[in-house]
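Have a look at the structure, then read on.

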Amino acid sequence: MAEEDSGQEKTEEPTSRRLDKAREEGQVPRSKELNTTAILALGALGLLALGPFLSEQISQLAKHGFDFQRDAAFDTSAMSRHLGASLESAAWGLAPWLALMLIASFAGPLGLGGWLFSTKALAPKLNRMNPLSGLKRMFSANSLVELIKAWAKVLVVGLCAWLVLGFFFEDTMSLLRMPVNGAIEGAVGIILWSFIMMCLSTLLIALADVPWQIYSHTKKLRMSLQDIKDEYKETEGKPEVKSKVRQLQREAAQRRMMADVPTADVVITNPTHFAVALKYSAGAMTAPVVVAKGADQVAFKIREIAKENNIPRMEAPPLARALYTHTRVGNEIPEGLYVAVAQVLAYVYQMDMFAKGKGPRPAKRPDMPIPRDLRVDPEPEG
């Protein structure tokens, strides 16, 4: 990932978005030493486990290769058939060990960075063709670390080889006094165990290389404070744009809310500061639902629409404040306000029947009790 020159020191750890972007471009921490160790170690253990099987297959292949009839020497197609059969036998004999090596080649990258295929990583980069950039990479801290690792591998593997040879020295010398078959078998065992121990010695290099690769990768992706701010703007959007979007969303929600006011059964007001429109359908709803609510200018608009559509309006400041504070548009009213709202709806129904000449005029306005925990004190006028 190309480092952006922001003019600031990159001291901040990379964000998750920065890491994801780097992964998309094929940049993840990799350790060649870990991959090499996995392949060598599993390959050596595979030879140890599959040694008897492989030796048997090689023996059979050798017998098949040198065993043919006299007539086959005069058959021009016999040698090709013989070669094909030998290659097939060799392939089947080596298949288990080759499968193990394939697993090892996938296990190494999985241990650090995981599997990754990125087409961006395959794209040519012209900046790598710049001679000055090449010289800079040659004399960088990473090149120095690679040089130290190369010398360390030589020293560690050399020291391990010296220790292994010393450990097996007596066994190696005893091979001179053994029969040929036993000597061959003992020599193969010594070679395999020596190979395993020398392969495992590279594990020391891998254990030191993995933390370094993680640190180097993280350091390469470090960000400045300005980088983080720019990324936040790209991800979340500019504050002025977000503010405009929220404003448009509020306006759209208010338009939808105002369109539902004509469906209300009653509008409860403060009388001027708050207005809450309620709707209730017996049998279809378990409790009255708030279809619209607002304060000041929005409350005025709700009252205006209610007047145009002949929606009953009732001034009840304590109830209006409680409904405005403790409800949301589209939700049912709190259980503590059931009694107060029920009295309002009953009063509105009686007034409607009285206006139609189908009932007496209600004697008085309802009490509309408000529970203490739902009461909202009026704001002092300043």
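A residue is called buried if its relative accessible area is under 20%, exposed if that area is over 50%, and partly exposed in between, using a 1.4 Å probe and protein chains only. On that scale, 28% of the 382 residues of the protein count as buried.

Before going further, some housekeeping. This is a predicted model, so local features need pLDDT of at least 70 and side-chain atom pairs count only at pLDDT 80 or more, while totals for chains, interfaces and linings use all residues. Residues are numbered from 1 along each chain as its sequence is written, and side-chain values use heavy atoms, with hydrogens and water left out.

**The overall picture**

The secondary structure comes to 13 helices and four strands. Helices (H or I, at least four residues) and strands (E, at least two) are DSSP runs, numbered from the N terminus. Contact here means heavy atoms within 4.5 Å. Among contacts between residues at least 6 apart in sequence, 73% join residues at least 24 apart.

**The sheet**

In what order do the four strands of the open sheet line up? The order is S3-S2-S1-S4, and the pairing is mixed. Two strands pair if DSSP finds at least two bridges between them. Strand S3 (289–295) and strand S4 (313–315) are the edge strands, each pairing on one side only. On average, neighbouring strands of this sheet are turned by 20° against each other, direction ignored. For angles like this, axes are lines fitted to C-alpha atoms (for helices, over the stretch in contact), and angles run from 0 to 180 degrees between N-to-C directions.

S3 may sit at an edge, but it is mostly covered: six of its seven residues are buried.

**Helices against the sheet**

Helix H11 (residues 297–308) lies across S1, S2, S3 and S4, running at about 125° to S3. Helix H13 (residues 338–355) lies across S1, S2 and S4, at about 120° to S1. Helix H12 (residues 317–326) joins in as well: its buried residues are Leu319, Ala320, Arg321, Ala322 and Leu323, and they pack against S1, S2 and H13.

**A closer look at H11**

The buried residues of H11 are Val298, Ala299, Ile302, Arg303, Ile305 and Ala306. Seen down the axis of H11, they fall within an arc of 165°, so they line one face of the helix. That arc is taken from the directions from the helix axis to the C-beta atoms. An α-helix has 3.6 residues a turn, so residues three or four places apart point the same way. On the other side of H11, Gln297, Lys307 and Glu308 are exposed.

Asp296, in the loop between S3 and H11, has a positive phi of about 55° although it is not a glycine. At 47% relative accessibility, Asp296 counts as partly exposed. Asn310, in the loop between H11 and S4, is not a glycine either, yet has a positive phi of about 60°. Asn310 is exposed, with a relative accessible area of 69%.

**Two residues elsewhere**

Phe53 is found in helix H2 (residues 32–66) and is partly exposed, with a relative accessible area of 35%. Leaving out residues up to four places away in sequence, Phe53 touches Trp92, Gly93 and Pro96. Phe53 and Pro96 are 43 residues apart in sequence and 9.8 Å apart in space, C-alpha to C-alpha.
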